[in-house]
Amino acid sequence: DEQIERERLSQHLSGGCCALAAVYLMGKFYVANAGDSRAIIIRNGEIIPMSREFTPETERQRLQFLAFLRPELLGKEFTHLEFPRRIQPKELGKKMLYRDQNMHGWAYKKVEEDDLKFPLIYGEGKKARVMATIGVTRGLGDHDLKVFSSNIHIKPFLSCFPEVRVYDLTQYEHCPDDVLVLGTDGLWDVTNDKEVAGVVMEVLMSYEPNDPCRYTMVAQELVVRSRGVLKERGWRLANDKLGSGDDISVFVIPLGGPGNYT
């Protein structure tokens with residue numbers, strides 16, 4: 001992240017990205033995630049999460065706590081408090097549900113002038129944004145990202161530090177159908193863990209266990225199904241829902257060696 005900051009001027013680069021990495025070392029997989037990509041292990045049909053997404057919703061308290069400690073980062077335009085909806089000026093003095101950096105649930109407070117400011121985190125699910133700008137809270141880069149038509153920087157709220165999970169391969173005897181799947185949010189936006197596992201098992205069964213291309217074909221099938229088919233109303237999945245509008249990158253890594261098995 002520091003290197004990107006140093007090079008952004010000399011290389012004329014802006015923007016940023018999420019990062020998901022898997023490192024195999026001495027019998028263990030170390031999976032590090034910074035952003036909203038996801039990794040799962042599929043072992044004997046069982047799904048084992050190896051990461052979690054970092055979004056304004058999942059990191060709400062961290063973001064609110066930073067804004068509470070350093071209110072100058074909000075530029076007098078935002079409030080670190082969260083409300084179920086935007087508050088209107090006519091509601092001043094009335095009671096409204098809210099939550100702050102210390103709360104998991106909600107409580108009531110009397111609406112004050114400062115509460116009319118735009119919330120630090122606004123929206124739900126994939127539409128949740130930090131300062132109405134970005135929907136992911138960890139990653140690399142984005143040093144120059146600002147709130148639209150303002151001089152308020154978003155970078156202080158974005159963390160480059162990943163969460164690391166460890167999987168010990170020596171604790172289990174893996175067969176050739178056991179895999180680690182790494183995918184960007186373009187895959188997971190339209191496909192859940194169970195559906196991905198279904199595609200993995202479906203495609204692997206159509207190839208011999210010692211055929212190395214079987215894993216490439218799984219990754220390809222996951223990309224194709226998530227993108228969908230181009231129709232008159234845009235890209236559509238098999239269930240006619242919208243296909244993924246984001247970039248889709250998928251890796252399928254076998255955990256067991258080739259060969260016949262029962």
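**View A. Asp114 and Lys117 pair up through their side chains.** Asp114 and Lys117 form a salt bridge, with 3.7 Å between the closest N and O atoms. The term salt bridge here covers a side-chain nitrogen of Lys or Arg within 4 Å of a carboxyl oxygen of Asp or Glu. Asp114 is partly exposed at 46% relative accessibility, and Lys117 also falls in the partly exposed class, with a relative accessible area of 26%. For these labels, buried means under 20% relative accessible area, exposed means over 50%, and partly exposed is what sits in between (1.4 Å probe, protein chains only). A word on what you are looking at: this is a predicted model, where local features need pLDDT of at least 70 and side-chain atom pairs count only at pLDDT 80 or more, while totals for chains, interfaces and linings use all residues. Residues are numbered from 1 along each chain as its sequence is written, and side-chain values use heavy atoms, with hydrogens and water left out.

**View B. The whole protein, for orientation.** The C-alpha trace spans about 70 × 45 × 40 Å along its principal axes. Of the 262 residues, 41% count as buried. Take the contacts with a separation of 6 or more, and 60% of them come from residues 24 or more positions apart. A contact here is a pair with heavy atoms within 4.5 Å. Salt bridges in the structure number 21.

**View C. Lys155 reaches Asp1.** The side chains of Lys155 and Asp1 form a salt bridge, at 3.0 Å from N to O. Lys155 sits in the loop between β12 (140-141) and β13 (163-168), and Asp1 in the segment before α1 (2-10), so this pair ties together parts that are 154 residues apart in sequence. How accessible is Lys155, buried or exposed? Lys155 is buried, at 13% relative accessibility. Asp1 is partly exposed, with a relative accessible area of 24%.

**View D. Glu163 meets Arg52.** Here the closest N and O atoms of the salt bridge are 2.9 Å apart. Glu163 belongs to strand β13 and Arg52 to the loop between β5 (46-49) and α2 (60-69), so the pair links distant parts of the chain, 111 residues apart. Both partners are partly exposed: Glu163 has a relative accessible area of 22%, and Arg52 comes in at 34% relative accessibility.

**View E. Where domain 1 touches domain 2.** An automatic or database domain assignment sets the bounds: domain 1 is 1-53 + 162-254, and domain 2 is 59-141. Their C-alpha centres lie 32 Å apart. In contact across the boundary are 14 residues of domain 1 and six residues of domain 2. The two domains bury about 810 Å² between them, with 57% of that on carbon and sulfur atoms. Buried area is the accessible area (1.4 Å probe) that two parts lose on being put together, summed over both.

View F. What is the N to O distance between Lys126 and Asp189? Their side chains meet in a salt bridge at 3.1 Å. Lys126 and Asp189 also belong to a salt-bridge network with Asp36 and Asp185.

**View G. Around Ser37.** Ser37 lies in the loop between β3 (28-34) and β4 (38-43). Ser37 is buried, with a relative accessible area of 7%. Setting aside neighbours within four places in sequence, the contacts of Ser37 are Cys18, Leu20, Ser51, Glu53, Gly183, Thr184 and Asp185.

**View H. Around Cys17.** Cys17 is part of strand β1 (residues 16-17) and is partly exposed at 44% relative accessibility. Which residues does Cys17 contact, leaving aside its neighbours within four places in sequence? Gly139 and Leu140 are the ones. Asp177 is 160 residues from Cys17 along the chain, and 31 Å separates their C-alpha atoms.

How values were computed. Helix = DSSP H or I, 4+ residues; strand = E, 2+ residues; numbered from the N terminus.
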